[in-house]
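Keep the structure open beside you as you read.

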Amino acid sequence: MIFYPKKNLKNDCDYIIVLGALVNKNQISKSLQDRLDTCIDYLDKSEDDCYIVVSGGQGRGENVTEASAMKKYLVSKGISDDLILMEDKSTTTKENFVFSKKLIEEKSGQKIENIDIKIITTDFHTLRSKLISYRAGYKNTSFYTSKSSYYLYVLNYTREFFALICNVIFNY
């Protein structure tokens with residue numbers, strides 16, 4: 001998990017998927033802001049002209065969907081509204097990929113295995129995201145991740161380790 005590739009600028013992409021994270025009522029969390037800023041950073045550094053799928057539904061304590069809060073933030077930072085697709089039904093990482101797949105396939109007219117996807121998430125979440133996306137049919141993925149807060153590093157990687165084990169065993 002620690003050494004899995006996290007900042008890939010070499011592989012081009014047709015679509016970016018930004019995985020959701022907590023929204024406090026209407027405000028994006030620090031973790032979600034970091035992911036969105038990482039998306040903007042990737043777009044600034046790459047030469048890719050790609051659509052962005054913001055993926056996340058509405059959870060407990062959230063007055064809006066994660067996707068709508070993400071879109072609002074990206075637009076406020078100068079990203080064109082026309083480039084952003086909203087997947088606003090998912091409540092798990094598995095659903096993020098399953099529901100985003102449908103959106104991408106409809107928009108592109110192609111099967112997901114033929115599309116180059118860049119996944120934006122937090123560094124600790126990369127390996128499990130790769131496994132889940134692969135099981136959902138994604139074959140051409142690479143990552144460009146935000147960095148965990150140093151004070152949450154051990155907690156995040158420990159929790160993710162157990163989530164990864166559960167995912168491998170139970171396909172959770």
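## The nonpolar core

The largest nonpolar core has 24 residues, and the ones that touch the most other members are Ile-16, Val-18, Leu-36, Leu-43, Ile-52 and Leu-74. A nonpolar core here is a set of buried Ala, Val, Leu, Ile, Met, Phe, Trp, Tyr and Cys residues joined through side-chain atoms within 4.5 Å. Buried means under 20% relative accessible area, exposed means over 50%, and partly exposed lies in between, using a 1.4 Å probe and protein chains only. At least two residues of this core come from each of β1, α1, β4 and α2, and α1 gives the most, with six residues. Apart from this core lies another one of 15 residues, including Tyr-15, Ile-115, Ile-117 and Ala-136. In soluble globular proteins, nonpolar side chains tend to be buried together.

A word on the background: this is a predicted model, in which local features need pLDDT of at least 70 and side-chain atom pairs count only at pLDDT 80 or more, while totals for chains, interfaces and linings use all residues. Residues are numbered from 1 along each chain as its sequence is written, and side-chain values use heavy atoms, with hydrogens and water left out.

## Two residues inside

Which residues does Ile-52 contact, leaving aside its neighbours within four places in sequence? They are Ile-16, Val-18, Cys-39, Leu-43, Leu-74, Ile-79, Leu-83, Ile-84 and Leu-85, where contact means heavy atoms within 4.5 Å.

Now look at Ile-84, which sits in strand β5 (residues 84–87). Is Ile-84 buried or exposed? Ile-84 has a relative accessible area of 6%, so it counts as buried. Not counting residues up to four places away in sequence, Ile-84 touches Ile-52, Val-54, Lys-71, Leu-74, Val-75 and Ile-79. Ile-84 and Tyr-15 are 69 residues apart along the chain, and their C-alpha atoms are separated by 9.9 Å.

## Strands side by side

Helices (H or I, at least four residues) and strands (E, at least two) are DSSP runs, numbered from the N terminus. Strand β1 (residues 15–19) is largely enclosed by the rest of the structure, because five of its five residues are buried. In a regular strand the side chains alternate between the two faces of the sheet. In β1 both faces are covered: Tyr-15, Ile-17 and Leu-19 are buried on one side, and Ile-16 and Val-18 are buried on the other.

Two strands pair if DSSP finds at least two bridges between them. β1 pairs in the parallel sense with strand β4 (residues 51–55) over five bridges, and Ser-55 in β4 is the bridge partner of Leu-19. β1 also runs parallel to strand β6 (residues 117–120), joined by four bridges. In β6, Ile-117 is the bridge partner of Tyr-15, and Ile-119 is the bridge partner of Ile-17. Both faces of β6 are covered too, with Ile-117 and Ile-119 buried on one side and Lys-118 and Ile-120 on the other. Three bridges then join β6 to strand β7 (residues 141–143), in parallel, and Ser-142 in β7 is the bridge partner of Lys-118.

## The pockets

To find pockets, a 1 Å grid is laid over the protein atoms alone; a pocket is an open set of points with protein on both sides within 12 Å along at least five of seven lines, and lining residues have an atom within 4 Å of a point. Grid points are joined across faces, edges and corners, and a volume is the space filled by probe spheres set on the points. The largest pocket has a volume of about 940 Å³. It is lined by 38 residues, of which Gly-20, Ala-21, Leu-22, Arg-35 and Arg-159 are the closest to its centre. The elements giving two or more residues to this lining are α1 (30–45), α3 (93–108), α4 (126–135) and α5 (153–170).

The second largest pocket has a volume of about 190 Å³. Its lining is made of Asn-26, Gln-27, Ile-28, Val-64, Ser-68, Ala-69, Lys-72 and Tyr-73.

Lys-25 lies in the loop between β2 (23–24) and β3. Lys-25 is not a glycine, yet it has a positive phi of about 60 degrees. Its relative accessibility is 56%, so Lys-25 counts as exposed.

Terms used
On a 1 Å grid over the protein atoms alone, a cavity is a set of points where a 1.4 Å probe fits but cannot get out, and a pocket is an open set with protein on both sides within 12 Å along at least five of seven lines; lining residues have an atom within 4 Å of a point.
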